[in-house]
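Take a walk through this structure, one element at a time. Keep the sequence and the model side by side as you read.

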Amino acid sequence: MNRSAAKSPLIFVVDDEPTMLRYLRTLLEVEGYRVESATNGAEAMERLRQPPVPDLLLLDVLMPVLDGLQTLEQVRALHPQLKVVMLSCVSDTRKVVQAIRLGAQDYLTKPFQKADLEALIEQCLGNSREHAHPVQGDIEDLGDDVFFVAASPAMKKIRSQSKLVANVDIPVLMLGESGTGKEVVSRLIHKYSPRAHRTFLKVNCAAVPADLLESELFGYEPGAFTGATHSKPGKFELCNKGTILLDEIGEMPPQLQAKLLHVLQDQQFSRLGSRNVIKVDVRILAATNIDIPRAIAEKKLREDLYYRLNGFTIQLPPLRERREEIGILLRHMISQIGESYGKPSVTISPRLLEACERYNWPGNLRELGNFVKRFLILGDEDMAIQELQVGMGAPSSSPSQAAAAPNDRGLKGLVRNVKDEAEIEAITKALEQTGWNRKKAAGILQISYKALLYKIRQYDIQRSGTTVN
């Protein structure tokens with residue numbers, strides 16, 4: 001690699017086996033890295049309290065006195081940004097998960113191939129081979145027009161955690177507001193798991209009626225219920241050896257949660273109307289935007305199911321907390337969606353970009369995608385910016401006032417007014433249908449609660465003459 005001594009990265013190796021230390025030192029020095037070593041956790045911590053801070057720490061798990069996980073915990077407190085790779089001769093799921101939670105960058109099982117170590121080190125030190133193919137900059141293609149963007153520290157950490165936990169066959173629970181990209185993360189986990197060549201299926205537990213969800217998941221036999229004229233396999237059978245994402249898991253009926261818990265424990269179930277037991281090997285990922293403690297307290301989510309699903313938790317931040325990604329997402333969505341709309345070369349002005357970066361995006365990535373579609377259809381930048389300003393509380397005329405005012409935008413203005421009136425009608429109908437329960441209305445409209453509040457304010461929709469605040 002021809003690195004000069006002054007510029008070559010410093011790698012600190014901690015292992016109680018002299019043979020392994022010599023092997024790693026030789027291997028790394030031949031590649032041009034600077035290497036320091038220690039034979040136990042206490043010695044390693046004493047060194048790490050002195051400058052310089054290494055660029056990478058290779059840390060053995062099984063060591064006497066202060067083991068690798070205890071050392072990792074102390075390292076995180078002393079140097080939170082130091083990248084750490086755990087080394088172990090035992091592939092212990094519990095220890096891998098604990099290491100991820102403590103902030104390990106990766107986990108390598110001994111004995112390992114030289115190429116595996118080299119690829120891992122290059123990845124940790126910024127010359128990752130992952131950027132040589134499907135990743136372009138901060139965007140990774142997951143197939144089926146799904147992309148993962150990691151420009152912010154939070155999303156880079158999630159990408160690292162996802163790739164690491166992908167190799168550990170445990171359930172993963174993804175939490176976050178609606179539209180933050182929980183399905184995208186689940187596809188990332190599937191892509192880097194040993195099941196990547198198998199089926200990936202998503203089931204939206206909120207979109208399927210409660211009385212049909214059980215048959216959707218587990219299948220049925222003829223005569224199981226009215227209209228069941230033939231046997232049908234469920235999603236779990238179709239997904240055998242693959243990965244299933246249970247989206248909006250908090251909306252699953254409690255009685256069905258008990259059956260899911262049984263599947264998690266024993267990997268077996270029966271179709272509706274059958275006594276035959278079917279065994280499956282399915283990795284379960286789950287996602288929800290609910291308040292977990294509250295749902296458990298209100299008996300809407302079984303506590304034992306939550307702990308089963310929570311083998312590892314990934315918390316996705318809302319878009320407003322990763323604004324540095326808005327520009328990348330905006331350009332990518334315009335390019336991707338624009339191609340399908342026959343407008344592949346639409347550019348973003350600094351003015352529009354600034355407005356997008358200032359807006360809070362209560363509907364997160366889903367709202368951003370819909371905004372891009374409207375912008376591409378109407379092609380009116382001023383209108384797009386005005387829409388964002390209204391969302392931020394800037395004064396604007398109501399749709400009815402706009403319709404009555406002279407229209408100098410021709411067809412574009414007409415399309416916008418028709419769209420607004422249709423949205424007002426749909427929102428008003430949903431609110432009246434639910435007795436103005438805005439959370440339920442948001443569910444009917446399939447938008448986030450915050451997005452509904454924004455629309456109510458935007459259109460000044462009122463109940464019985466009362467202004468909504």
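How many bridges join strand β9 to β15? Four bridges link β9 (residues 172-175) with β15, and the two strands run parallel. Helices (H or I, at least four residues) and strands (E, at least two) are DSSP runs, numbered from the N terminus. Two strands pair if DSSP finds at least two bridges between them. Within this pair, methionine 174 stands opposite isoleucine 314 in β15.

A word on the ground rules. This is a predicted model, in which local features need pLDDT of at least 70 and side-chain atom pairs count only at pLDDT 80 or more, while totals for chains, interfaces and linings use all residues. Residues are numbered from 1 along each chain as its sequence is written, and side-chain values use heavy atoms, with hydrogens and water left out.

Now the wider view. The chain holds 20 helices and 15 strands. Of its 469 residues, 48% count as buried, where buried means under 20% relative accessible area, exposed over 50%, and partly exposed in between (1.4 Å probe, protein chains only). Contact means heavy atoms within 4.5 Å. Among the contacts in the chain with a separation of 6 or more, 68% come from residues 24 or more positions apart.

Return to β9 and β15. They belong to an open sheet of five strands, ordered β10-β11-β14-β9-β15, with parallel pairing. Its edge strands are β10 (200-204) and β15, each pairing on one side only. Neighbouring strands in this sheet are turned by 20 degrees against each other on average, direction ignored. Axes are lines fitted to C-alpha atoms, for helices over the stretch in contact, and angles run from 0 to 180 degrees between N-to-C directions. Helix α6 (residues 153-166) lies across β9, β14 (283-288) and β15. It runs at about 160 degrees to β15.

Is glycine 311 buried or exposed? Glycine 311 is buried, with a relative accessible area of 19%. Leaving out residues up to four places away in sequence, glycine 311 touches Val97, Arg101, Ile170 and Pro171.

Phenylalanine 12 faces leucine 57 in β3.

Tyr23, Leu24, Leu27 and Leu28 in α1 contact Lys114, Leu117 and Ile121 in α5. These residues divide into six nonpolar, no polar and one charged. Ala, Val, Leu, Ile, Met, Phe, Trp, Tyr, Cys and Pro count as nonpolar, Asp, Glu, Lys and Arg as charged, and the others, Gly among them, as polar.

Finish at glutamine 257, in helix α10 (residues 254-266). Glutamine 257 counts as buried, at 0% relative accessibility. Among the residues that glutamine 257 touches are Met252, Lys300 and Leu305.
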